Amino acid sequence: MSSPMCLLDSPQMEKKCAFPMSTTKTLHSRLTSMEISDSVDPCIRESSTDYYTPGSRGRVSVITEEMMEENDEQIANKNTVYFRDGKRRIDFVLVYEESFDPSKDEKRKVFEENLEAEGLELELEDKSRMEHREPMAWVADDAENEEMSCSSLWCFDSENPFMYDKELIPDDSLYFSSTSNKNYNNEFHVVEKESFLTSAQRSRIVWEVLMRTPYETDSGSKTGIMRLLNNGIYLSGYPLHDGPYIGKSVKKGEPGYCERTLLYNEWAQWKCWYKTQPLPLIRRYFGEKTALYFVWIGFYTTVLIPAAALGVLTMIYGLATMKTSTPSKEICDDTVGGNLIMCPLCNQQCGFWRLKDSCVFSMVVHLFDNPATVGFAVFMSLWATMFMELWKRKQARTAWEWNLSSAEHSLEMIRPEYEAKVFTYKFNPVTMTFEPFLPFWDKVARILGVNSLVLLMLFSVMIAVFAVIVYRIIIVTLMFSSETLFWRKYAKIATSFTAATINLVVIVVMDRIYRKLAGKLSDIERPRTQREYEDSFTFKMFVFTFINTYSSIIYIAFFKGRFFGHPGDTITIFGYRQDQCENGGCLFEVFVQLGIIMVGKQVFNNIYEFATMKIMIWWRVYWRARENFVPQQPNTRWEEDYNLETTDSMSLFDEYLEMVIQFGFVTLFVGSFPLAPLFALLNNVVEIRLDAYKYVAQLRRPLTYRVQNIGAWQAILKGLSFVAVITNSFMIAYTSDFIPRLVYMYRYSKDGSLEGYINNTMSYFDTADFTNTTKPNNMMLDGVYVNQCRYQDYRHPPGSDEKYTLSLQYWHIFAARLAFVVVFEHLVMFITSLLSYAIPDIPRSVQGDNSK
């Protein structure tokens, strides 16, 4: 295959490349090219034979309305991705609508003249005959080859059933690359001159030129396509897909070869869920930034497999030992739990009950509050660190293979929004030009103002969490005071499920609101470069989403019931007594909250993401056809892409945020939900194919960016892996009954077993000590007046000199819990430090190659 070649033989390489542009009838289509090879891609001979003229040279050509009428047969096939000469390939599209604003027309005219002055050839495609808007296209040279090594976490041979078709998508050769101002034929291993650059690289070169070309004759500072897009001079700009995504897969060089079709058939279809990802082709087609995201999510999903398997085994162990657990047996025993009369669970309205009534609940709690859960929490704390260490190695190798060592320099351009809104300038001695400059105190004032608004939003999140807490207290009180036995029996469970569902709705709504606000706040800060903008936006959104998502779980795990007091002296909120944890701690409620929010959020995001994109694309096509009162006609390739959803430099943000929040679910509170890694694994298998389908079929082709790593997300993931050690240690020590049981076995048990543990955890309360506000309306249970009841705590009994004060056993348990947290954290941190030392961030093979 051969097509125009981009000549990169000078430091100003972007100025010697060709590209294309497009419009509407109102939308025209301008196409550009430079040199053209006489050999033509076989695909074009099959798809647009009428346009192919052997030996023709690139030239500026304009299709007028009359020409289109005369050449109806020539435009019968509208799916071509080439100019009318059939040789220069369209890689980039700019869309504009004819207007009656002379200033806009003048800027566009100057911009296009400057592009031609840079060595570009423009071709106008007037689509007025179709009576609806269309884009216009820019052309760069066709190229397919690029170097890369193994394309996934594991390398398989072609016979492996989990591998994509290696005959259709062969691995790229691995070469070294460097910058040079000499002839490329002498410096590089160039098999075919015309295929030296990938289509992703060509579109990036096009974009760099568009970003640097001025659009006014009297001011060299007014440059760049971004400002023209923001001002509405152009409606849109995007790289062009290389063809339809639905079709037959063929090998490269054969007629009908299309990378987009190949990606869909071998990667984006649901039937490919078990296959490894064709990362060489993803990189060639979408560029390094998008490809690196799929490397990361593929690696993360693979590493989840052992965690998911161990989590399932933990639940199986809990299920197998459920009925043999001594605490559960005692609660369900008529002679133990059946004889323990418990104090009311709310003031006045609630009555006395027997501990045996919570038999089923105690067995359910055992599923995730058993010795295996503790071991699993330790494993997941180490797993989080191992994941980060192994990912850094994987990332370093990928960056080396993809030659991304100097990629960061490509992101340091000044944002057009910064240039447009900052009116103070400072001389830059490096570039020898005056550049926009934001004064120090102006920057400080903006940061303080923005952060104040961020704190206000975080405060609103806390109000929402408090509202859900109040809901829990009121609903559980009403259910316990119900005349219906069913509601009294399942009050806690029903309240937990409904409160978690409401909290999920609040989380989703608040996320949508803050997403819009965070963008505006980041703009107010006036970040200078795109990287600064992305980092600012990322940290704002993550902090908010973290608190919005996890605050209710943190409350239940670490604060709920901690300030209860005793039945005769309770803390109330709006007249309602603070809700307590059931016997066995709050782990069950954490389990419910975590399960509903994690699974519900993932399901909602996947459905919302898929459905809204489909609806928006359908609506865009339907409305344009209806708006112009014409029957729907076959579209050109650039029209088809114009109807797709837009992409920008922040398109991957939502994907990373969703996965990072999921990573928090998997690591921070996994001790209460051992199935979290399994649900994350299942979700990610779907997520990979859903994202693949979205990028291949539903989105415009994104701009390509070269990045060394996953950016700010790396620091966030590292922080989460550190916090996971702390939360898991506190979960085991303070939320579960693991430490109280150990203290009982080694300090208070007669035979070192858990026999008598339940009775030991129950303190006594004299019903005569109830106050008027806490005394139940019904002092009878089964027709017998209750003089004494029990409640879960470690306090001195009535009649003693220190009645209802905390006992010595409470302080023993408190000291044991604190000691466990310290030992757990130091032990895990020590092990993780050893792992970090033993596993270098950069593989030795890469270090060795870099040192040569």
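Is Leu 808 buried or exposed? Leu 808 counts as exposed, because its relative accessibility is 54%; the classes are buried for under 20% relative accessible area, exposed for over 50% and partly exposed in between, with a 1.4 Å probe and protein chains only.

The model described here is predicted, so local features need pLDDT of at least 70 and side-chain atom pairs count only at pLDDT 80 or more, while totals for chains, interfaces and linings use all residues. Residues are numbered from 1 along each chain as its sequence is written, and side-chain values use heavy atoms, with hydrogens and water left out.

**Surface patch**

Leu 808 lies in helix H25, which covers residues 808-838. Helices (H or I, at least four residues) and strands (E, at least two) are DSSP runs, numbered from the N terminus. Together with Trp 811, Phe 814, Leu 818 and Val 822, Leu 808 makes a nonpolar surface patch of about 480 Å². Such patches are made of residues with over 30% relative accessible area and no salt bridge, nonpolar side chains (Val, Leu, Ile, Met, Phe, Trp, Tyr) being joined within 5 Å and like charges within 9 Å. Accessible areas come from the Shrake-Rupley method with a 1.4 Å probe.

**Salt bridges**

The structure holds 18 salt bridges, each defined as a side-chain nitrogen of Lys or Arg within 4 Å of a carboxyl oxygen of Asp or Glu. Three of these pairs are listed below.

| Pair | N to O distance |
|---|---|
| Asp 334 and Lys 356 | 2.0 Å |
| Lys 601 and Asp 511 | 3.6 Å |
| Glu 525 and Lys 540 | 3.0 Å |

Lys 601 forms its salt bridge with Asp 511. This pair links distant parts of the chain, 90 residues apart: Lys 601 is in helix H18 (residues 587-627) and Asp 511 in helix H16 (residues 491-525). Both Lys 601 and Asp 511 are buried.

The side chains of Glu 525 and Lys 540 also meet in a salt bridge. Glu 525 lies in helix H16 and Lys 540 in helix H17 (residues 530-558), so the pair ties together parts 15 residues apart in sequence. Glu 525 counts as buried at 14% relative accessibility, and Lys 540 counts as buried at 9%.

For the pair of Asp 334 and Lys 356, Asp 334 counts as partly exposed at 46% relative accessibility, and Lys 356 counts as partly exposed at 31%. Elsewhere, Arg 283, Glu 288 and Arg 706 are linked in a network of salt bridges.
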